[in-house]
Structures are given as structure tokens and as C-alpha cells.
Amino acid sequence: MCSAVTRLAAARRVVAATLFLRTNTGSLNCVLAQRSGVWPGDNTGSHPLQAVSRRSCSRMALTEGLVFRQLFESTSSTYTYLLADSQTKEAVLIDPVLETIDRDLKLINELGVTLKVAVNTHCHADHITSTGLLKKRLAGLKSAISIFSGAKADIHLTDGDRISFGKHYLTVRETPGHTDGCVTLVSGDQSMAFTGDALLIRGCGRTDFQQGCSKMLYKSVHEKIFTLPDQCLVYPAHDYKGQTASTVAEERRFNPRLTKSLDEFVDIMNNLNLPKPLQIDIAVPANLVCGLHEV
């Protein structure tokens, strides 16, 4: 009798394990990937651009054939993003920083990509862009920024414009409020949104200088970013707490400022009492001329 019960129990365990594998393959792969350091879909040992999308348990999946790198500059806590088509090797660089130009050029060379456009999400006040110097060192590179930024560039962006690289593209969504010239850049499949300073992880850009307007920022985020798919990954221009990405659903639910009513949001923004950015007096004039002011 005991032997029969033991066999029955063992059989149940096998069935349960089989069902777990069938229904939780993704979760199991994530656990194995975390332990081994190799993500499903990686093509280790191949050319850097031949590895297609990488995945993690927090929906960090990327569009097939899209190369993506997130880079950090510690002084201004700025994120720079490199996106490239793995087939054509055409690339776009978002929010490059002057101090890290050599790092960025080294990566571009290592990956063997051709940088088509260097775009700024707005006229930054806390660092100088490297766009102008990049143009001097990379033949054919174009600079881009919102037409409402007041800054010089080869391409002046407006709502609905596309920045294409290979078969991929970024769509421009105007999201003013932090500055008049703020834009959010959304990937073609709406899986990623590069929000600049309009929407940060559990925060947002300040509105007390450079044409800042709290009501406009609130409207921009709610109408142009929070209307994106829940799972759309949010990649901001800055983070000061070591966070790298969020999602639209998370920010819509947990952002301590933008979950408030409009009046409450305005009151919060009016009482931040923050010191002005350390580099604002040199950064803004420089960024208005593509980062080449006295450089």
C-alpha cells in the first residue's frame, strides 16, 4: 500500500513539474539567465551587432534587430542612449555629453555602426552636449533638436517627425513643460520611450527656469506619455538614485507627483525650492549653438 502511495505521489510531482515548465518557461529562463549571465536569444561569440534582442524578467525585451546601449555620465547623472540597426548599422545617439565623447566614439567604433543623427531631447541646463564636436569628428552626422528649443541644429524637430535608422525609427512627441523644446522619442513599435526631463523615474523635470510651466508639463505627460502602452519602457535623460528604466504603467500608478491632481502637482512643483543647476550659466549658451560655445 505504501509503495503504491509513494508511486502516486511521485507521479503527481512529475506532472506538476511538467506543468510548471510548460507555463513558466519564461520565468525559468529568466532565473537561469540571471545565474549564468546569458540571456535567451544571445548569440555569444558572434559579432556585437549579430546578437539580436536581449531579455530580462522586467520586460527589457527589445525589437528584433535593434542594438541598444544605455550609457551614464556621473557628474550630471545623464543617460546617453545609442540605438542602431543590426543589419544596416545605421545609428542614432540620444543626449550625448561633452565629457564622455571619447567613450561614445570608442563604442561606436567597436560596434562598427555609422552614426546618422545625434539628437537632444531638449536644451539641457546641467551639461554641455557633445553634438557639435561629434559632427566635427564623424563625417555626415546630423544634429537634431526641437524647433521650439531655440537652438541651432541641422534638423529641427516637430511633433510627429520620424528619425530613421535602417528599418527602425523614433517618433517625436512634443512634451513641453520643463522647457518649451522638450520632446519624447518613441520607438516605432512603442516598446521604448526616451522621455528626456519631462518624465523621470518616479519624478519629473523641474519647471522653475527655462520657460518652465507646471500645467504644461502635467498635460504633456498625461497626454503624450501616459497614453503609450502600459509595458512601454521609460528611459529618462537623468536619474539620481541608480534606477535605469521604468514603464508607463509604473509611472502612471506610482509617480509621486504625476499621480496627483493638476492643482496638487502645481503646488508641489512651486515648492521644490531647488538650487539652480551648477552648469546652467555655461551649459545653456553652449547648447544653443550645438555645444560649441567657447569649446
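Q: Let's start with F194. Which residues is F194 in contact with, leaving aside its neighbours within four places in sequence?
A: The general idea is that nonpolar side chains tend to be buried together in soluble globular proteins. In this predicted model, the contacts of F194 beyond those sequence neighbours include F68, Y81, L83, I94, L170, L185 and Y235. T121, V183 and T184 are on that list too.

Q: How many residues does the largest nonpolar core have, and which have the most contacts inside it?
A: There are 21 residues in that core, and F194 is among those with the most contacts inside it, along with L83, I94, V119, L170 and L185. Strand 2 (residues 78-85) supplies the largest share of this core, three residues.

Q: What about the whole chain: how many helices and strands, and what percentage of residues count as buried?
A: The chain has eight helices and 14 strands, and 47% of its 295 residues count as buried.

Q: Now a single site. Is H127 buried or exposed?
A: H127 has a relative accessible area of 1%, so it counts as buried. H127 sits in the loop between strand 4 (114-119) and helix 4 (131-137).

Q: Which side chains make polar contacts with the side chain of H127?
A: The side chain of D126 does, at 2.9 Å, and so does the side chain of T78, at 3.3 Å. Setting aside neighbours within four places in sequence, the residues in contact with H127 also include S76, P96, V97, H238, Q279, A283 and N287.

Q: How do I read empty space in a model like this?
A: Rolling a probe the size of a water molecule over the atoms shows where empty space is left. Here, the largest pocket has a volume of about 690 Å³. It is lined by 30 residues, with L200, R206, H238, Y240 and L274 nearest its centre. H238, then, is one of the pocket's nearest residues and is also in contact with H127.

Q: What classes of residue make up that pocket lining?
A: Twelve are nonpolar, ten polar and eight charged.

Note on methods:
Residues numbered from 1 in each chain as written. Predicted model: local features only at pLDDT ≥ 70, side-chain atom pairs only at ≥ 80, totals over all residues. Heavy atoms only, no water. Helix = DSSP H or I, 4+ residues; strand = E, 2+ residues; numbered from the N terminus. Buried < 20%, exposed > 50% of the residue type's maximum accessible area, 1.4 Å probe, protein only. Polar contact = N/O pair within 3.5 Å; in protein donor to acceptor, adjacent residues only side chain to side chain. Contact = heavy atoms within 4.5 Å. 1 Å grid on protein atoms, 1.4 Å probe; cavity = no way out; pocket = protein on both sides within 12 Å on 5 of 7 lines; lining within 4 Å. Points joined across faces, edges and corners; volume = space filled by probe spheres on them. Nonpolar A, V, L, I, M, F, W, Y, C, P; charged D, E, K, R; others polar. Core = buried A, V, L, I, M, F, W, Y, C linked by side-chain atoms within 4.5 Å.
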